[in-house]
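The sequence and the structure are shown first.

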Amino acid sequence: MLQTDFTELLRQSDVFGHLDRDALEALGRQLVWFGLPGGRPLYKQNEPADAMYLLVSGSLGAFDGPTVLTRLISAGDSVGEISLVSGESRQATVRALRDSELLRLDRDAFEALVSQYPQAMLGIARVAIARLQQRLRNEDSPGNARTFALLPVDADVPARTLAMQLAMALEAYGSCAVIDEEHGAGRGSDWFAEREAQVRFVIYLDTRGDALWRQRCLRQADVLLLPAQAAQPARPWPEGAPLHPSRAGHRPRHLILLHPGRQPSLGAAQRWRAQFSGELQHHHVGGQADIARLARLISGHARGLVLAGGGARGLAHLGALRALHEAGYVFDSVGGTSIGAIIGAGVAAGWELGEMTEIYRRAFIEGRPLSDWTLPLVALTRGRRAALMLRRAFGALDIEDLTLPFFCIATCLSGAGMVAQRRGPLWLWLRASSAIPGVLPPVLHHGRVYVDGALMNNLPTDVMATDGIDHITAVDIRAEISLLTTAEEYATPPWWRLLLQRQTIQRPGLVSTLVRAGMVNSEAPSLHRRERADLLLTPPLEHIGMLDWKDWQRAIEAGYLHTLKVLEEQQR
């Protein structure tokens, strides 16, 4: 590469772009260009920091441990500057996700540059501080991909049509090119790097199954897109590379299940996912709206919805959803806790709002899921009515069958703590997410004990953020119910005195005490989680008790009016 190429690249970087021409030329003379094959480590966690790097082409991944991708490093980004400035050892392992070209600035050269041009430290310090602040706030996200390899499982998949539709959807966020074997076969790395520099996104498309071209697609891609006809029998991909993370460079992999209609085929996701090992996301595609959602998810422009728990107050979610729908909000991923998870599952299943409201009215108001009282050896209720209510509402759906990506939060009392459940029977995990300790018995599953997710995380915006969701809308049902009393006592009086005093002395009830106690632990962390939301809705629900299901219409109306008010304020 010529020195002028270095200068232009440096001028566009966040780290060095503020330097004057003389400093950039001096810096360019100190940089060392080299290539790093896909899958090779740039450096490993806990190694001493002896250099920083600027990525010219390709992509790198920062990993916490062997497989957990914490950051995607794209062309033009720098890496390693925090350890270089602070003197710490490397905080993560950085590996080439595909064939990459980098510029290396050694510590001695960096210190000499700073000595001659002190302003060179400014850009590095800014980037380092910003990333340290992200780390302290636990706001690291994987980042946005630019190149995609679309590799169908066989020739029956309409891969070209899918690629063109996806490219059109990606054009909303930047220019996109589709390169197939006819255009790219026999080209060198420089040709591909030039094409990637000209547009925001590139889709490398295979339609013929040629092994050499598929390997080229794999080498060029930040993300692997693996489409299949959902109704077909599941089978392995032609090559082993996309199957195992170690052979795919730990790049994000997206299984795209094509359906003839809008409703996903039950069990299709489980069948096809069984062909893979390691981390894998899947998407159900049956129409143009699904293509648009896929484009947002893979490009880092997705919108997520997070719904908190809160008992009967949680029916305010339905009113908030109505106002958001009227304002044109569309969500690409859903998560929630307790009743927030139950209502969120309806959103993820693609239910219409009117249908959803009627289903939950029958379930909670007519179904009375907490009315099967029993001898309180484990809990006040048997939990059977709650389980039947969820099974009637969601049937045999697994979480993987939902139209939108979905998770629900449960608390594992067998050592795991908070669990974000993304797989398995939907009704079962919704039952676990809403198992208020002492009110509903815990869910016992595979030797573990699960209870209400509100104990650990009642507003899981942090979980949604780690999925790389760009914009998060959160509806928080505050647990700020003050249990007040007019009694002065340390032991419960005899039953006959309780009856005589019930009109004159106020005491908290058993169920109210259990519900309130179950949510106290997550209140302080929820303050930080509220800050993670780009749009936060907190309907005023002090007039509605946690188990006052008869006030369902008032709860819905409160959620609707509050959301309208917040959206109007945003417009102003």
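## Lining of the largest cavity

In this predicted model, the helices α13, α15 (384-394) and α19 (510-520) each supply at least two residues of the lining of the largest cavity. The largest share of that lining comes from α15, with three residues.

The largest cavity has a volume of about 250 Å³, and 22 residues line it, with S338, S434, I436, L440 and W549 lying nearest its centre. Divided by class, the lining of the largest cavity holds 16 nonpolar residues, five polar ones and one charged.

## The second largest cavity

The count comes to three cavities of 30 Å³ or more, and the second largest cavity has a volume of about 40 Å³. Its lining is formed by L315, L318, T357, Y360, R361, I365, W552 and I556, of which six are nonpolar, one is polar and one is charged.

Two helices, α14 (353-366) and α21 (552-571), each supply at least two residues of the lining of the second largest cavity. The largest share, four residues, comes from α14.

## Packing of α12 with α13

Two packed helices are described by the angle between their axes and the distance between the axes. For helix α12 (residues 316-326) and helix α13 (residues 339-348), the angle is about 35° and the axes lie 10 Å apart, with a crossing that is right-handed.

On the α12 side the contact involves H317, L318 and L321, which meet G340, I343 and V347 in α13. By class, the contact of α12 with α13 has four nonpolar residues, two polar residues and no charged ones. L318, which takes part in this contact, is also among the residues that line the second largest cavity.

## Packing of α13 with α14

The axes of α13 and α14 come within 10 Å and cross at roughly 145°, and this crossing, too, is right-handed. The contact is made by I339, I342, I343, G346 and V347 of α13 together with M356, Y360 and F364 of α14, and its residues divide into seven nonpolar, one polar and no charged.

Several residues link these descriptions to one another. I343 and V347 of α13 belong to the contact with α14 and also meet residues of α12, while Y360 of α14 takes part in the contact with α13 and lines the second largest cavity as well.

Definitions and conventions:
Residues are numbered from 1 along each chain as its sequence is written. This is a predicted model: local features need pLDDT of at least 70, side-chain atom pairs count only at pLDDT 80 or more; totals for chains, interfaces and linings use all residues. Side-chain values use heavy atoms; hydrogens and water are left out. Axes are lines fitted to C-alpha atoms, for helices over the stretch in contact, and angles run from 0 to 180 degrees between N-to-C directions. A crossing is left-handed if the near helix is turned anticlockwise from the far one by less than a right angle, and right-handed if clockwise. Contact means heavy atoms within 4.5 Å. Ala, Val, Leu, Ile, Met, Phe, Trp, Tyr, Cys and Pro count as nonpolar, Asp, Glu, Lys and Arg as charged, and the others, Gly among them, as polar. On a 1 Å grid over the protein atoms alone, a cavity is a set of points where a 1.4 Å probe fits but cannot get out, and a pocket is an open set with protein on both sides within 12 Å along at least five of seven lines; lining residues have an atom within 4 Å of a point. Grid points are joined across faces, edges and corners, and a volume is the space filled by probe spheres set on the points.
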